[in-house]
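Please look over the sequence and the 3D structure shown here before reading on. The report that follows treats its metal sites and its helix contacts in turn.

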Amino acid sequence: MGLAPPNINVFFMKPGRGKVETKLFSVRQLQQLEFSKSILLLHSFSGCDTTSAIHGKSKVGIAKLFTAKPDLTQNISDIFSGLSTSPESIEQAGEKLLLAIYQAPVQEQNLNKYRYSAFLRASMKPKSDLATLPPTRGASKQHSLRVYLQIQQWLGNPLPPTQWGWARGDDGILKPVTTNDPVAPESILNTIFCRCTTGCGVQCGCRKAGIACSRVCGVCSGSCTNGAPIENTVDDDVDDDILYLEDN
Ligand SMILES: [Zn+2]
Ligand SMILES: [Zn+2]
C-alpha cells in the first residue's frame with residue numbers, strides 16, 4: 001500500500017471465519033485513507049518484524065493518532081522518509097511522535113521529563129504498572145533509529161544496521177540496542193557493592209542486581225569475573241573506526 005504505484009491496483013482478501021464475512025481490500029481504496037502517505041512510519045513505528053511494538057499502545061490506537069493529527073504525523077513521516085536524514089533529526093522526530101502517542105501536553109518536549117511526571121502520577125495510585133510509562137529518551141532514540149533503517153530499506157536505500165540501533169554480538173548475530181544509558185545514575189549505582197571473599201559468582205550481590213562490580217566493592221574492587229569491561233581508551237576508539245570501515 002505504501003509503495004504501490006498509483007497505476008497498479010493490488011487486492012487483498014481477508015478470509016471470513018464463522019459469522020465474519022470475507023473482506024476484499026484494494027490498494028487504490030486504501031490509498032484514499034488519511035494516513036496512507038505515512039503508512040510506512042505508522043507500520044514500523046508501532047511495531048513490525050524488525051521493530052518493537054510499544055507496550056500498551058496498539059497499532060489501531062496509533063493509527064487513530066495519525067488520522068487525528070495528520071499535519072504532525074505527515075511532517076514526522078517526511079523526516080523518516082528522507083534519504084539522508086541525520087541520526088539526530090531521527091532521534092528528535094521519534095521523540096516528538098512518542099510524546100504524541102503518550103498524549104503529552106504540547107509544551108512538553110522532553111520524554112525523560114514526561115516519563116518522570118508520569119512516574120510521579122503512577123506512584124500515587126494504589127496499583128501501577130511501570131511498563132506503561134513512556135520510554136526513556138535513550139530507548140526512544142534506538143527505536144527511532146531502527147524505524148528509520150526499516151523505512152529506508154523499504155524505500156530501497158539499505159543502510160548499515162550497526163549504525164542504526166543494532167549491534168553485532170560475539171556470535172555475529174545482530175541484536176537490537178535497547179539503550180546506551182546506564183540503568184541508573186552513577187551515584188545510585190555506587191551504592192550497590194559486594195563483599196564477596198571467594199570470587200564474585202552466582203551469589204554476588206552486584207551480579208544479582210544485574211550490574212558489574214566496581215571499585216566501591218569491599219574485597220574485589222571490581223577486578224573480578226563480574227568486573228566492568230575495561231573502559232575505552234583513545235586507542236580503542238581508533239580500532240572501532242577501523243572495524244566500522246571494514247563493516248562497510
Ligand atoms: Zn561480588
Ligand atoms: Zn566483584
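Which arrangement do the four donor atoms around the zinc ion (ligand 2) make? They subtend angles of 98 to 119°, which makes the arrangement tetrahedral, a word used for four donors when all angles lie between 85 and 135 degrees.

## About the model

This is a predicted model, in which local features need pLDDT of at least 70 and side-chain atom pairs count only at pLDDT 80 or more, while totals for chains, interfaces and linings use all residues. Residues are numbered from 1 along each chain as its sequence is written, chains are lettered from A and ligands numbered from 1 in the order in which they are written, and side-chain values use heavy atoms, with hydrogens and water left out.

The zinc ion (ligand 2) is held at 2.2 to 2.5 Å by the SG atoms of Cys200, Cys213, Cys220 and Cys224, where donors are N, O and S atoms within 2.8 Å of the metal (3.2 Å for Na, K and Ca). Along the chain, these donors follow the spacing C-x12-C-x6-C-x3-C.

Cys200 bridges the two ions, which lie 3.5 Å apart.

## Helix 4 against helix 5

Helices here are DSSP runs (H or I, at least four residues), numbered from the N terminus. The axes of helix 4 (residues 70-81) and helix 5 (residues 87-101), which are lines fitted to C-alpha atoms over the stretch in contact, come within 10 Å and cross at roughly 155°. That makes helix 4 roughly antiparallel to helix 5, a label for angles over 145 degrees.

In this contact (heavy atoms within 4.5 Å), residues of helix 4 including Leu72, Ile76 and Phe80 meet residues of helix 5, among them Ile90, Ala93 and Leu97. By class, the contact of helix 4 with helix 5 has eight nonpolar, four polar and one charged residues, where Ala, Val, Leu, Ile, Met, Phe, Trp, Tyr, Cys and Pro count as nonpolar, Asp, Glu, Lys and Arg as charged, and the others, Gly among them, as polar.

## Helix 3 against helix 5

Helix 3 (residues 59-68) packs on helix 5 at an angle of about 105°, with the axes 10 Å apart. Helix 3 and helix 5 are therefore roughly perpendicular to each other, as angles of 65 to 115 degrees are called. Ile62, Leu65 and Phe66 in helix 3 meet Leu97, Ala100 and Ile101 in helix 5, and the residues of this contact divide into six nonpolar, no polar and no charged.

Terms used. Axes fitted to C-alpha atoms, helices over the stretch in contact; angles between N-to-C directions. Helix = DSSP H or I, 4+ residues; strand = E, 2+ residues; numbered from the N terminus. Parallel < 35°, antiparallel > 145°, perpendicular 65-115°, else oblique. Tetrahedral: all angles 85-135°; square planar, octahedral: opposite > 155°, others 65-115°.
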